[in-house]
Amino acid sequence: MTNPHLAGLCKRYGAHLIGVTDTVVHIAVVGHPAQALLDALRFSTSKQVDIECWSAERMEKEQHAASPAAAQEEDLPVTEWVNQTLTEALARRASDIHFEPGESGYQVRLRIDGALHLAARAPAKMAATIAARLKVLGNLDIAERRVPQDGQFSIMLGEQKVSFRLSTLPCLHGEKVVLRLQHQGKKHIDAGALGMSASQLKTFRHTLHQPQGLVLVTGPTGSGKTMTLYSALGERNQPEVNICSVEDPVELPLAGLTQTQIHPKAGLTFQTILRALLRQDPDIIMVGEIRDGETAEIAINAAQTGHLVLSTLHTNSTIETLTRLEQMGVARWMLASALKLVLAQRLVRKLCPHCRSLHPEPVQLPKALWPQPLPNWKANGCERCYAGFYGRIALFEMLNVTPELSRLIVTGASASETEKLAHQQGMKSLFAHGLRAVDEGKTTIEEVYRVIGVPHGTA
C-alpha cells in the first residue's frame, strides 16, 4: 500500500517510497537520507520511518519501473503539489513561501532564518493553476489577475492545522503569491529566552510591572517585534490583570487575553477599537502597531491615565523613535511624561553548533567599538542546518527613559544629545549587542554586518 503524498515527498528528495503499513513508512535512499526529507516525513506522519540503503543502479531501475507514475509529475494534481510544498516549508521551518512564475519554469523559494532558499519547481504551464489554487484557499477572486489581493486561510497538513496569510501580485509572467506562516499553535516565548543581556532583561521586566506608561518595540518588518510583545504580555498574564489588545491580524491567540482584530471595512480601525478598549477597564493594552498620529495620541493618553501600553513602531533605532513620534504630532512634553522604554531589535542567524569553525585570524575592530580581538567564526554548512546557520537570535538596543532623559526630551534636545546621554547611562547599541553575540560564538561578524550594517570607520 502506498501514499501519493508521501511518494511525492520522497521523490522530491531523490528517495523512493517502498510502501506504507499501519505503523511503518518504508523508504529507500542512495547513501545518507537528506535531513530535510527526514524533517518533512516527521512532520507528515507519526509512523515509524524504516530506511533502506539502495545502490544507484537499483534506485534507477525501480524508478524506471515506476515511470508511468513518474511521467505524471507535470500532471500531478495541483492540490497535492501545493500541499507537498506547504508540508516541506513547515518541515524546514520556513517563515515565508514565495511562489514565483517565470518564463521557463515555476519556482518556490522558502525564507528560512531570514534568508531565501530554493525549494520546489514546476513547469511554467502550471503557474496559473497554482495561483488559482492558492487564491481559492485564501477565498480570493480567482478571475481577478490585474490587481494585488490579500487573504488568509487555515489548512490541515498531516495531523496539524496550519494558518497562513496570503498576498498576490501581478508580474511579468503571471501572479506571484507569497504566504506568511502564522504563529498559531505556538506558545509565547519567555522573556528570559529572547536574548537580552542580564541588565536589559532586568530593566525590561521592571518596566513591565509599572502601573502605567508606554513601552515601544521598534525595528523593520520581520525583526521579531510581535514575539517580543507577546513575551511581555506573557510576563503579566495573570487572572488579576486585564490585558486587551488590538492587532492586525491576531498572530498568536493567548488564553487570558482579550484580543481584537481590526476590520477597516466594518469600521474597526486601530483608533475605534483602542477607544473602545479604554472603556473595558484594562490594566494593560497592546496596540499591534502605531501607524499614525491619531493612534499615537490615543496610546499616549492611555499611558498617562493609569494604563501600561505596549506597541510597535517601524523605526531603525531607539533615538529615531523619538523623532518619528514628534513628526506624527506628539508633543514633547506628552512623550516625556508617557514614554518608559524603547526597544530596537533585529534578528540575526544563529551559527550551527555542529559545523561552525574558527578561523585562526581574529577580527580586529577599533577599540572604541570592541576592546579586544573578536573570534572569526565561519558558517560551513552541514546536513543539519542551512548554509551553516540554524535558527535566529535577537539583538536589542534598549533606551530606558530615566528622569534625566525625560527632562532632555522636554527641552527639545537634539537626537545626538539624547543619544549621548543614553550611552552615558549605559545604553548599548544594536551593533555592540551583535559583537557580544559574535564573541560568544552565536553568530558571525558578517551576519552582524548584513543585518545591522557597517559603522563608519569599521570596514
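Two strands are taken to pair if DSSP finds at least two bridges between them, and helices (H or I, at least four residues) and strands (E, at least two) are DSSP runs numbered from the N terminus. By this criterion, β5 and strand β6 (residues 115-122) pair in the antiparallel sense over six bridges. The structure is a predicted model, in which local features need pLDDT of at least 70 and side-chain atom pairs count only at pLDDT 80 or more, whereas totals for chains, interfaces and linings use all residues. Residues are numbered from 1 along each chain as its sequence is written, and side-chain values use heavy atoms, with hydrogens and water left out.

The chain holds 16 helices and 18 strands. Its radius of gyration, taken over C-alpha atoms, is compared with a globule rule of 2.2 Å times the number of residues to the power 0.38; for 459 residues a compact globule would have a value near 23 Å, and the 25 Å of the chain agrees with this. Along the principal axes, the C-alpha atoms fill a box of roughly 80 × 60 × 45 Å. Of the 459 residues, 47% count as buried, where buried means under 20% relative accessible area, exposed over 50%, and partly exposed in between (1.4 Å probe, protein chains only). With contact defined as heavy atoms within 4.5 Å, 62% of the contacts between residues at least 6 apart in sequence join residues at least 24 apart.

Strand β5 (residues 106-112) is flanked in its pairing by β4 and β6. Strand β4 (residues 94-101) runs antiparallel to β5 and is joined to it by seven bridges, one of which has A94 partnered with I112 of β5; the two strands form a hairpin with four residues between them. On the β6 side, L110 has H117 as its bridge partner, and in the hairpin of β5 and β6, with two residues between the strands, D113 takes a positive phi near 55°. In a regular strand the side chains alternate between the two faces of the sheet.

The side chain of S311 reaches the backbone oxygen of V287 at 2.7 Å. Leaving aside neighbours within four places in sequence, S311 is in contact with V215, L216, V217, L229, V287, G288, E289 and I290.

The structure holds zero disulfides, a disulfide being a pair of cysteine sulfur atoms within 2.5 Å. The sulfur of C385 is 3.7 Å from the closest cysteine sulfur, that of C355, and is therefore too far for a bond. C385 is buried, with a relative accessible area of 8%, whereas C171, at 34%, counts as partly exposed.

Conventions: Polar contact = N/O pair within 3.5 Å; in protein donor to acceptor, adjacent residues only side chain to side chain.
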